[in-house]
Amino acid sequence: RIAEGSPSTATVGGGADGDFHAKFPDGYSLAAGDTIVVAVGGSTAFNSAYGFMPDLKLFENEEDDDEVLVMDYIFGDGDNNSVINRTGSGAGQPSTPGLTPGAETVILYHWRADEDKVVDIDVFFWKDALSSDTSFLFSKTGVTVGGHTYLPDTDTAAQIPFDSETDPDFSYHRIDGSEGTQTPSGSNGVDGRDETSENLDVTFQMAAADPARPPAPPVGGDFVKLLLTEISTIGTDQEYIEIYNPGAVPVDLSDYYLTDANHSPNSQYYYNIGLGNPSQGTVGGGAFSDFHARFPDGYSIAAGDTIVMTVAGSTLFSDNFGFNPDLELYEDGGGPDGVPDMRWIFGTEGSNSIVGETFPTLTNSAETVILYHFIEGEDKVTDIDVFVWKDPSSTSTSIFFNKTGQTIGSHDYLPENGTNTGDAFGAANGFGNSYHRTDPNEGDQTPTGSNGVGGRDETSEDFNTTFAMLPYSPSAPIGSGGDTGSAAQLKVPARTFLPGLGEEFPITIVSNSKGESETKLKIFDLEGRLVITIFDSRFNGNPPSGIDDSRNPYLWDGRDSTFELVKAGMYVVHLSVVGIRTGEEEIFTAPVVVGTRLSN
């Protein structure tokens with residue numbers, strides 16, 4: 001009933017009788033192949049029980065003192081809402097959320113504000129065999145909300161709850177990922193599934209409580225290594241910055257920052273953020289077309305994924321490239337558009353570190369872009385990646401910095417090479433081109449003893465050898481295939497694969513129309529060299545057409561055209577679809593990371 005508008009305890013429930021109704025935080029994502037845990041009783045209690053922090057918590061306990069993200073309530077205020085009711089009186093109040101042992105339903109669903117329908121994602125319900133309670137069951141069959149009438153669900157009398165209350169220290173575990181005999185179509189779930197029809201007494205079992213631990217970052221504690229892989233500086237509408245996660249775990253970007261606001265003559269440096277009270281005069285941004293921005297709270301980049309942040313706003317980006325970016329520096333349209341906005345670090349809505357005296361742009365002749373990690377209240381920043389360019393005709397040196405021996409609070413920075421003319425990419429970007437990373441290993445960058453992740457010296461990279469100027473190629477969000485309205489699609493999973501262990505990498509494609517396009521699916525390395533052709537319609541017949549045949553993907557075994565295993569690193573999946581009648585070509589690309597097994 002959330003689609004009726006004005007949700008309340010009486011219509012959609014929550015905030016009374018130990019029940020809750022919550023929404024995931026804006027920008028929070030679940031990585032491909034990952035598992036997240038939401039603590040019902042708060043993070044402190046969860047940590048006491050299991051010895052580690054959950055990914056999310058339903059509400060903020062007074063005793064909680066951590067950075068675990070909190071689920072959003074859908075009505076109420078900070079004290080009394082759809083999750084927790086601290087001061088209410090009357091039936092069922094005050095109320096702290098809990099799961100009833102004897103009989104209960106947990107529903108994961110999808111809903112967009114202002115739409116009339118919800119889509120069931122998954123449902124689980126249980127009932128002690130001795131309980132006669134059926135009030136927790138539901139069926140939407142024939143129910144009309146606004147302009148939407150629901151398709152048939154399983155009648156409540158025929159639904160099959162798990163037929164036992166859990167024992168102490170035990171929990172319900174899914175053991176069948178295919179959802180058993182669930183009805184696959186004609187109902188109200190994803191692709192028409194009937195989530196109320198699952199035979200839960202077969203697809204689940206009771207076993208010892210074993211919540212999934214969040215994967216530990218491979219290096220650096222709370223921060224990991226990411227790469228700037230493409231930067232477009234011209235024209236103004238086409239500017240964007242692309243970031244790639246080469247690791248095997250997703251990265252929460254809540255404490256990551258992006259800036260181009262260095263100005264050495266005024267001692268305006270990004271690492272001054274450790275002084276506290278950042279301003280235009282100390283860390284820069286909001287003037288001279290510079291920006292200083294923080295990633296949205298809870299936003300994460302999946303393992304092996306690439307994200308694109310547009311400098312000029314999502315509307316202009318979409319107009320130029322035919323799909324929305326992952327992030328935008330600021331809201332350039334008339335209102336929110338679903339593309340998350342970067343956060344400013346000082347100022348107000350109308351004048352801040354992103355949009356202030358000026359709107360942000362990347363200076364074509366000379367500029368430094370810095371991706372860094374910083375935890376509020378600490379003295380130091382950790383360099384994640386840096387890219388510097390400088391046209392030979394430019395005399396500017398104000399973009400350079402060197403933290404060697406600099407002291408901020410109690411932290412003394414270690415030696416670094418410092419950014420300089422010699423290492424900067426020595427050419428201004430041309431229209432239609434961008435700077436592309438060609439070496440994910442960062443060349444002869446100093447690996448230890450400095451101020452980056454694991455001690456790397458991010459200022460020591462010779463960008464003339466690790467980057468090249470190539471045509472625009474912003475990475476479309478995974479699953480979109482750079483969708484420009486055609487039926488062609490490219491879909492790849494956001495994960496590293498290990499061909500040395502016999503793994504294969506699935507690639508799903510959809511062409512325009514059977515027999516009316518020439519379709520080629522290839523793998524390239526980062527230097528543009530062809531590794532292997534996976535599919536060519538001239539020799540392999542017609543590709544999938546007009547449907548997403550994800551059940552039958554093309555599989556790459558990590559070998560080249562000579563059947564040799566390729567080296568570990570990043571590669572590019574390249575789909576070309578050429579209309580036979582029109583000659584028009586659509587190109588879709590996506591990253592794939594080949595890993596290698598680590599030795600002890």
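Predicted model: local features only at pLDDT ≥ 70, side-chain atom pairs only at ≥ 80, totals over all residues.
Let me begin with F46, which is buried at a relative accessible area of 9%, where buried means under 20%, exposed over 50% and partly exposed in between, with a 1.4 Å probe and protein chains only. Y50, by contrast, is partly exposed, at 34%. Residues are numbered from 1 along each chain as its sequence is written, and side-chain values use heavy atoms, leaving out hydrogens and water.

Both F46 and Y50 sit in helix α1, residues 43-50, four residues apart, or about one turn of the helix; helices here are DSSP runs of H or I of at least four residues, and strands are E runs of at least two, numbered from the N terminus.

A search of the whole structure gives 31 aromatic pairs, and F46 with Y50 is a tilted one, at 4.8 Å centre to centre and 45 degrees between the planes. Rings of Phe, Tyr and Trp (its six-membered ring) pair if their centres lie within 6.5 Å, planes under 30 degrees apart being stacked, over 60 edge-to-face and the rest tilted. Elsewhere, ring pairs join Y257, Y269, Y270, Y271, Y372, F374, F401 and Y413 into a cluster.

Y413 also has K403 over its face, at 5.7 Å from the ring centre, the criterion being NZ of Lys or CZ of Arg within 6 Å of the centre and within 35 degrees of the ring normal.

Finally, the chain comes to five helices and 34 strands, and buried residues make up 46% of its 600 residues.
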